[in-house]
Amino acid sequence: MPAFPDTHLSVVQALGGADPDVRARAAELVARAYRAPLLSVLQWRWNLEPADAEDLVQEFLATAFQKEWLARFDPARGRFRTFLRVAADRFAANQRQAERRLKRGGDAATVGLDVVTVAGSDGDAEAERRFREEWVRSVLALAVERLETESRERGRAVHLALFTAYDLAEEPRPTYRELGLRHALGESQVINHLAWARRRFRAHALDVLRTLAGSEQEYRDDVQDLLGITAP
Amino acid sequence: MSSLGAGGIARLREQLARPELPERYALESEIGRGGMGVVWRATDRLLERDVAVKVLAEHLADDGLAERLAREARILARLEHPGVVAVHDAGVSSDGRTWYAMRLVRGRRLDEAAGTQPTLGDTLRLMTRVAETVAYAHEQGIIHRDLKPANVMVGPFGEVLVLDWGVAGAIGGGGGASGAKQAADTQTPATAPVTAHGTVLGTPGYMAPEQAAGLPADVRSDVYGLGAILRDLLAARGEAPPRALAAIRDRALAPAAGERYPDVLAFVDDLRRFQDGLPVAAHRETVLERIGRWISRYRTPIGLVLAYLLVRLLILRLGGV
């Protein structure tokens, strides 16, 4: 996937931009970051089979991008991710309503979404919890992916291998000494390589958060929420 | 996208929550957490050695605690003494957290090590080393104000380190110590330490009454803290201390500052006198106690003389048969 054009440009701004290429890449990033969280919450809320949930999410995202719903997000009214979750939920509700109408022999072409009115929380704590859990996983996975790309480009495959074997592995993990033996490195080199990978991972994670946030305040809130720290 | 397991996610989140220090330091694991910050075991990559890094806890970034942590680093840097941990470096992380790097101390906290000294003499030698460190700080114009067993580390060879100088302050104008003027440049005044919310800093049970009341603290407030440490060490031994030693403890713990030892050196002096079998200032002994102490102090020569006399007596008796 090509890098997002400007790492300090949020997807929300990019989605409403004039350049169709930038819009397309922003849409792709939103889809990659939010597909799993949307799947998780819609499947749970609407009691869907996994394949049906997948179809629904695909349809929602395609419609949202096509009709430029997401570009109408207003940061003053809440978080972008809450906006997206509630929008998808409304979309699913409308879809179900349309299906029922079809079954009764009515007109199916009534699916719509007043996205301007969906900003803010719908008050469903469990939906938010599920959505947030998957969102955190997506953010971390995107940051790891960026670290992988950077490591390849800068010829630091060993750094990445150490990071993967130590920080991403499940217990029991190897010791620094074992990692050093595996890669013909001294323990101090293992420490140094891991320090580089962790530092870069952190930078990428912050960058992903900044890109996905709907506003500077949302970015700061997300950093506090995910990292427990004040955004640098 | 990468498939991340639960362990990987937890570890990545933990990595992200870590303070971002200069590249020189690679944080390894958390080794302690106090009222003001978190202490990490870290590697100094430049000098290739293990260090400890104390970092302000993120949720405490306000409330003037950043300045308190920075001040603690400056105090430690000034107190060059074997009983005070050496500071190597200090700064503010890119995410705004104040930190300082210091020697990695290995050992046990005194509250965990209390009662493990084989003899009363060992306990008192340990207590004396703690008090000598505090006396040195006073000489430098600094009072600790939060002395307690949890703030003392005992090394594998019995060496002691007095930790957590975050509540320390300068001795007031009457301190007269050579370092007092310097201390005033970097320390809080000698008024009782309080948070921005007006909470008195210190530890109940170890804090001198005047400090708990929000009144100015002086060296006698630290005498009280040392008395409280002595109290805990003696209690941990599980045996009633000799009356003279109990009197030393009680004088250090006197509720009125004027009834305590005037300074830590006087407290140390009494501890040493007790260990040497001499009369102590805190206790007026009876004639019987004086005889008992005299016998105890000279028990070896007295034993030798008695043994000699006994042998002589036996020889006389046998010679007479």
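Accessible areas here come from the Shrake-Rupley method with a 1.4 Å probe, and for residues only the protein chains shown count as cover. On that basis chain B exposes about 15400 Å², with carbon and sulfur atoms supplying 58% of it.

Keep in mind that this is a predicted model: local features need pLDDT of at least 70 and side-chain atom pairs count only at pLDDT 80 or more, while totals for chains, interfaces and linings use all residues. Residues are numbered from 1 along each chain as its sequence is written, chains are lettered from A and ligands numbered from 1 in the order in which they are written, and side-chain values use heavy atoms, with hydrogens and water left out.

**The two chains**

Helices (H or I, at least four residues) and strands (E, at least two) are DSSP runs, numbered from the N terminus. Chain A has nine helices and zero strands, whereas chain B has eleven helices and ten strands. Buried means under 20% relative accessible area, exposed over 50%, and partly exposed in between (1.4 Å probe, protein chains only). A contact is a pair of heavy atoms within 4.5 Å. In chain A, residues 24 or more positions apart make up 64% of the contacts with a separation of 6 or more; for chain B that share is 59%.

| Chain | Residues | Buried |
|---|---|---|
| Chain A | 232 residues | 46% |
| Chain B | 321 residues | 48% |

Chain A's accessible surface comes to about 10900 Å², and 49% of that belongs to carbon and sulfur atoms.

**Cores**

A nonpolar core is a set of buried Ala, Val, Leu, Ile, Met, Phe, Trp, Tyr and Cys residues joined through side-chain atoms within 4.5 Å. The largest one holds 74 residues, and A:Tyr34, A:Leu38, A:Phe60, A:Phe80, A:Phe201 and A:Leu212 touch the most other members. Helix 8 (residues 187–212) of chain A gives this core its largest share, twelve residues. Apart from that core lies another, of 56 residues, including B:Leu65 and B:Val280. Beyond its neighbours within four places in sequence, A:Tyr34 contacts A:Phe80, A:Arg81, A:Leu84, A:Phe131, A:Trp135 and A:Leu212.

**A nonpolar patch on chain B**

In soluble globular proteins, nonpolar side chains tend to be buried together. Still, B:Val287, B:Leu288, B:Ile291, B:Trp294, B:Ile295 and B:Tyr298 form a nonpolar surface patch with about 630 Å² of accessible area together. Such patches take residues with over 30% relative accessible area and no salt bridge, joining nonpolar side chains (Val, Leu, Ile, Met, Phe, Trp, Tyr) within 5 Å and like charges within 9 Å; a salt bridge is a side-chain nitrogen of Lys or Arg within 4 Å of a carboxyl oxygen of Asp or Glu. B:Ile291 sits in helix 10 (residues 287–297) of chain B and is partly exposed, at 43% relative accessible area.
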